[in-house]
Amino acid sequence: MDIAEAEEFFKRFNGQSFHMCREALPEYEEFKKLNLSSDITEQWRQELLGDYFSRLFADVEDVWWIHSCIIDILKSTSTNLTENCKKLLDAMAKMTELNNRHKVIIIENMAGRTEPQEDGGVYLICRRTRLAKKMNKTMKLLIHSYSSDDIDMDERYYIAVESYKKAYRKFHFRGLI
C-alpha cells in the first residue's frame with residue numbers, strides 16, 4: 001500500500017480505525033505498517049470534513065447521515081475543532097426546514113445513541129468546546145420546529161428530545177431547554 005492508497009482507504013472509512021479493522025483487516029494491517037504521522041491523518045480528516053460540509057445540503061435525504069459522519073470525524077480530530085463545531089451548529093440552524101423524520105434523527109445524532117451518550121454531538125461540544133450555549137440555542141430551534149403529525153414519529157421525537165435533555169444535563173449541567 002502506498003500513500004495514495006492509504007489516503008483512499010482512510011477516507012473510505014472516515015478515518016475510523018474501528019471500521020477499518022472490522023471491515024478490512026488485511027488492508028488495515030498494511031495501513032498501520034506505513035506508520036503515518038498524525039499530521040497526515042489529521043490533514044485527511046480536515047479534507048473529509050470540508051467535503052462533508054460542502055455536501056451537507058446537496059441531497060436532503062442525506063443530511064442526517066452526513067451530519068452523523070461530521071460528528072464522528074469531529075470526535076477524532078485535533079485541529080480546528082471549535083471552528084468546525086461552530087460551522088456544524090450554523091448549518092444545523094438551517095435544518096428547521098427538514099421533514100420531521102430527519103429532524104428527529106439529527107436530535108438523536110446530537111443526543112448520542114448509546115449509554116453513556118458519549119457518542120453524540122452533545123458530549124463532543126460540551127466537553128471539548130465552549131459552544132454549549134450556542135448548541136442549546138440551535139437545538140431549541142430544531143426541536144421547536146417539529147410539527148406533530150404522525151403518532152409513530154411523535155413518540156420517537158419525544159424520546160429523542162428527552163435523550164438530548166439528559167445528555168445536555170449530564171455534560172453541561174446548566175441552561176436546560
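Colleague: What should I know about the model before we start?
Modeller: It is predicted, local features need pLDDT of at least 70, side-chain atom pairs count only at pLDDT 80 or more, and totals for chains, interfaces and linings use all residues. Residues are numbered from 1 along each chain as its sequence is written, and side-chain values use heavy atoms, with hydrogens and water left out.

Colleague: OK, helix α4. Which of its residues are buried?
Modeller: Thr-41, Glu-42, Trp-44, Arg-45, Gln-46, Leu-48, Leu-49, Tyr-52 and Phe-53. Buried means under 20% relative accessible area with a 1.4 Å probe, protein chains only. Helices are DSSP runs of H or I, at least four residues, numbered from the N terminus.

Colleague: And what covers them?
Modeller: The cover includes α1 (3-12), α3 (25-33), α5 (63-76) and α6.

Colleague: Gln-46, then. What does it touch?
Modeller: Gln-46 touches Thr-77, Thr-79, Asn-80 and Asn-84, leaving aside residues up to four places away in sequence. Contact means heavy atoms within 4.5 Å. Gln-46 and Thr-79 are 33 residues apart in sequence, and 8.1 Å apart from C-alpha to C-alpha.

Colleague: Switching topic. At what angle do α6 and α8 cross?
Modeller: Roughly 135°, and the axes of α6 (residues 81-92) and α8 (residues 121-128) come within 11 Å. Axes are lines fitted to C-alpha atoms over the stretch in contact, and angles run from 0 to 180 degrees between N-to-C directions.

Colleague: Which residues make that contact?
Modeller: Leu-81, Cys-85 and Leu-89 of α6 meet Leu-124, Ile-125 and Arg-128 of α8.

Note on methods. Helix = DSSP H or I, 4+ residues; strand = E, 2+ residues; numbered from the N terminus. Buried < 20%, exposed > 50% of the residue type's maximum accessible area, 1.4 Å probe, protein only.
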